[in-house]
Amino acid sequence: NSVWVSTDHDEIEKVAKQFGAQVHRRSPEVSQDSSTSLEAIREFLNHHPEVDIVGNIQATSPCLHPSDLIKVADLIQKDGFDSVFSVVRRHQFRWSEVKKGENKMTEPQNLNPAKRYRRQDWPGELYENGSFYFARRHLIEKGYLQGGKMAYYEMRAEHSVDIDIDIDWPIAEQRVLSFGYFGKEPLKEVKLLVCSIDGCLTNGRIYVTEDQKEMVSYDYRDIVGIDLLKKRGIQVRLISERDCSKTLSAMQLGCVAKVSATNKLQVLEDWQKDMGLSWKEVAYLGNEECDVECLKQAGMSGVPADACAVAQKAAGYICKSNGGCGAVREFAEHIFLLLEKVNSARKQ
C-alpha cells in the first residue's frame, strides 16, 4: 500500500523521495551501528497505527523481483500466514568446527562420508538469504519478524545475492546484469546518446577574457567517454540552448550538434524519427529544467550530481560526478552495463 525508507541520513532521504518513496526519519536510538532492523520497524509502527503488515526488504539483496513480493504478499493476505521469509537452496556439505587448541576431530553434519554422493544429485538444504521478511503487526510488536503461522519463500539461486562485505559488490553487479529486474518492457540496445553541452559536457561556467572572448573548460575523461561510445556503435549528439558553435569547433569532437535550441524536446524528437529509433534506444544526459521532458522521454536518462532538483527527479540515473568533471564518461559506463545486460538476455 505504501513504500517507506527508514533513515537518519539527509542524502538517503533526498534520493528516496526522488524515486517516489516516503521517508520515516529514524531516531538516534535506533540509528546506531548495533541497531537491528526489528528495532527500526517497531519504531516505524509506533508512528503508523494504520499499518497491519510490514514487508521488510533488505537493500543488500539487489536481485529481488516484484513477482516474488507479489506472491509473498498473497501468502499473508490470502493464505493466512503470519510471517513469510526468503530462503535459498544450497548444496553445501557442512562439518563441525574444531577450534584451535581443542583435542577433537571434526564430524560431518549433513552427509555420510561412506556414502558420499554428488552434490548436484542431492536436494540440498534451505538457508535464509536475508532478502525479505514479511510479518503481521502483532508479531513485530512482540519482538518477532518470524513466528505464528510461518512460511518460507524459496527464491531462485540466481536472484539470491547478499552483499555483506566489499568483495560481494562486484559479484552482485554482474549478477544484477544477468538476472536483475529492469522493468516490464524488454530492454533495447542504446543507439543514440544526446548530451546537453552546458552543465554536462562542461561545468556550465563561462569565462570571459579582457578582449570579450568566451572560454569554457571540459574534462578529458568525457572526451574519452564519447570516443568509447562511438567505438561501440553509439552515435553521440550534442545540444545547447545558447550559440556555442565556436566552442564546439575548437573542441573538435566530430559530433552532430544543435545550438540555439529553444525547444530541446522537439530537436530530440526530430533526431529520433530521422534515425528510425524507438525511445528505448535513446539515452539523454541533461542537467536543467529545460531538459526534464527529454529526460522523461528517453529510454535511459541521466544527470550529473550537481543537476537541478527537478532534473534529478526526472532522471533514471544520477551520476556521482559533477557536470564537466567526468559525468559523460560515467554515464557512458552506465550505458555499457546496460549493453552487457542486453547481450546476456539475448544469449539466454
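Two strands pair if DSSP finds at least two bridges between them; strands (E, at least two residues) and helices (H or I, at least four) are DSSP runs, numbered from the N terminus. This is a predicted model, in which local features need pLDDT of at least 70 and side-chain atom pairs count only at pLDDT 80 or more, while totals for chains, interfaces and linings use all residues. Residues are numbered from 1 along each chain as its sequence is written, and side-chain values use heavy atoms, leaving out hydrogens and water. The protein chain is divided into domain 1 (52-163) and domain 2 (192-346), with bounds from an automatic or database domain assignment. The centres of domain 1 and domain 2, taken over C-alpha atoms, are separated by 44 Å.

- Strands β1 (residues 4-7) and β2 (residues 22-25) run parallel and are joined by four bridges.
- Ser6 has His24 in β2 as its bridge partner.
- Between β1 and β2 the chain passes through helix α1 (residues 10-18), in a right-handed β-α-β crossover (with the strands pointing away from the viewer, the path from the first strand over the helix to the second runs clockwise).
- Glu39 lies in helix α2 (residues 37-47), and its C-alpha is 9.1 Å from that of Glu29, ten residues apart in sequence.
- Because its relative accessibility is 36%, Glu39 counts as partly exposed (buried is under 20% relative accessible area, exposed over 50%, partly exposed in between, with a 1.4 Å probe and protein chains only).

**The four-stranded sheet**
- An open sheet of mixed pairing is formed by four strands in the order β3-β5-β4-β6.
- Its edge strands, β3 (53-57) and β6 (150-154), each pair on one side only.
- Strands β4 (residues 83-90) and β5 (residues 125-136) run antiparallel, joined by seven bridges.
- Opposite Arg89 stands Leu126 in β5.
- Helix α3 (residues 66-77) packs on the sheet and touches β3, β4, β5 and β6 (contact means heavy atoms within 4.5 Å).

**Nonpolar cores**
- The largest nonpolar core has 31 residues, and those touching the most other members include Leu193, Leu229 and Phe331 (a core is a set of buried Ala, Val, Leu, Ile, Met, Phe, Trp, Tyr and Cys residues joined through side-chain atoms within 4.5 Å).
- Elements giving two or more residues to this core include β7 (192-196), α7 (220-231) and α12 (327-347).
- Helix α12 gives the most to this core, nine residues.
- Another core, of 20 residues, lies apart from it, with Leu268, Leu277, Leu295 and Ala311 among its members.

Note on methods. Axes are lines fitted to C-alpha atoms, for helices over the stretch in contact, and angles run from 0 to 180 degrees between N-to-C directions.
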